[in-house]
Amino acid sequence: SEQYEHKTVKRPWGSYTVLEIGDGFKVKLVEVKPGCFLSLHYHKKRSEHWVVVEGTARIVKGKRRFDFQANESTYIPIGCCHRLGNPSKDRLLKIVEVQAGRYLEENDIVRLKDDFGRLAKR
């Protein structure tokens, strides 16, 4: 497989770095700043597996909320509303995200709630 050049993308809540891309999968390191939350959203074309590697992850899946620590993981099926956040006041949250599906582009996101004004205009 061809060598993939790691690229870090800054976001208002932190950043992500794509570590690997393959046929039907993408692996990212996601870093969330203290007190920040990504949008509540879902994907139409991919599922995601999240493994916490550092810090505490506050994860919303459907109507339930969970706190995961390092070495804990969860699965987000296609179409499941979900949100990732860092409830810590001073520690960075790091997770490894494995996306699986035939289409893995960033525009496969339907935002329902967002702290940074990024909701699509209806």
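1. A salt bridge is taken here as a side-chain nitrogen of Lys or Arg within 4 Å of a carboxyl oxygen of Asp or Glu. By this rule the count comes to 7. One of them joins Arg83 to Asp115, with 3.0 Å between the closest N and O atoms. The pair links distant parts of the chain, 32 residues apart: Arg83 lies in strand β9, and Asp115 belongs to the segment after β11 (110–113). Strands, here and below, are DSSP runs of E with at least two residues, numbered from the N terminus.

2. On provenance: the model is predicted, with local features requiring pLDDT of at least 70 and side-chain atom pairs counted only at pLDDT 80 or more, while totals for chains, interfaces and linings use all residues. Residues are numbered from 1 along each chain as its sequence is written, and side-chain values use heavy atoms, with hydrogens and water left out.

3. Buried means under 20% relative accessible area, exposed over 50%, and partly exposed in between, with a 1.4 Å probe and protein chains only. Arg83 has a relative accessible area of 10% and is therefore buried, whereas Asp115, at 46%, counts as partly exposed. A further salt bridge joins the side chains of Arg118 and Asp114 at 2.8 Å, N to O. Arg118 is partly exposed at 21%, and Asp114 is buried at 12%. Side chains of opposite charge can pair when their charged atoms come close.

4. The open sheet. Its 6 strands follow the order β1-β2-β3-β10-β5-β8, and the pairing is antiparallel. Two strands are called paired if DSSP finds at least two bridges between them. β1 (7–11) and β8 (73–76) stand at the edges with a single partner strand each, so one side of each has no neighbour in the sheet. From one strand to the next the twist averages 20°, with axes fitted as lines to C-alpha atoms and angles running from 0 to 180 degrees between N-to-C directions.

5. β3 against β10. These two strands run antiparallel and are joined by 8 bridges. Lys28 lies in strand β3 and stands opposite Glu97 in β10. At 4% relative accessibility, Lys28 counts as buried. Its side chain makes a polar contact of 2.8 Å with the side chain of Glu106; such a contact is a pair of N or O atoms within 3.5 Å, and within protein one must be able to donate a hydrogen and the other to accept it, residues adjacent in sequence counting only if both atoms are side-chain atoms. Salt bridges that share partners join Lys26, Lys28 and Glu106 into one network.

6. Which strand holds Gln99? Gln99 lies in strand β10, residues 93–100. With 0% relative accessibility, Gln99 counts as buried. Its side chain is joined to that of Glu97 by a polar contact of 2.7 Å. Leaving aside neighbours within four places in sequence, the residues in contact with Gln99 (heavy atoms within 4.5 Å) include Lys26, Lys28, Arg46 and Glu48.

7. Pairings of β6. With strand β7 (residues 64–68), β6 pairs in the antiparallel sense over 5 bridges. The two form a hairpin with 2 residues between them, and Gly62 in the turn has a positive phi of about 60°. Arg58 has Asp67 in β7 as its bridge partner, and the side chains of Asp67 and Arg58 also meet in a salt bridge of 2.8 Å, N to O. Asp67 is partly exposed, its relative accessible area being 38%. β6 also pairs with strand β9 (residues 82–85), antiparallel over 4 bridges; there Ile59 has Leu84 as its bridge partner.

8. The largest nonpolar core has 18 residues, and those with the most contacts inside it are Trp13, Val30, Val32, Ala57, Leu84, Leu93 and Ile95. β2 (14–22), β3 (25–32), β5 (47–54), β6 (57–61) and β10 each supply at least two residues of this core. A nonpolar core is a set of buried Ala, Val, Leu, Ile, Met, Phe, Trp, Tyr and Cys residues joined through side-chain atoms within 4.5 Å. Beyond its neighbours within four places in sequence, Ala57 is in contact with residues including Val52, Phe66, Phe68, Leu84 and Leu93.
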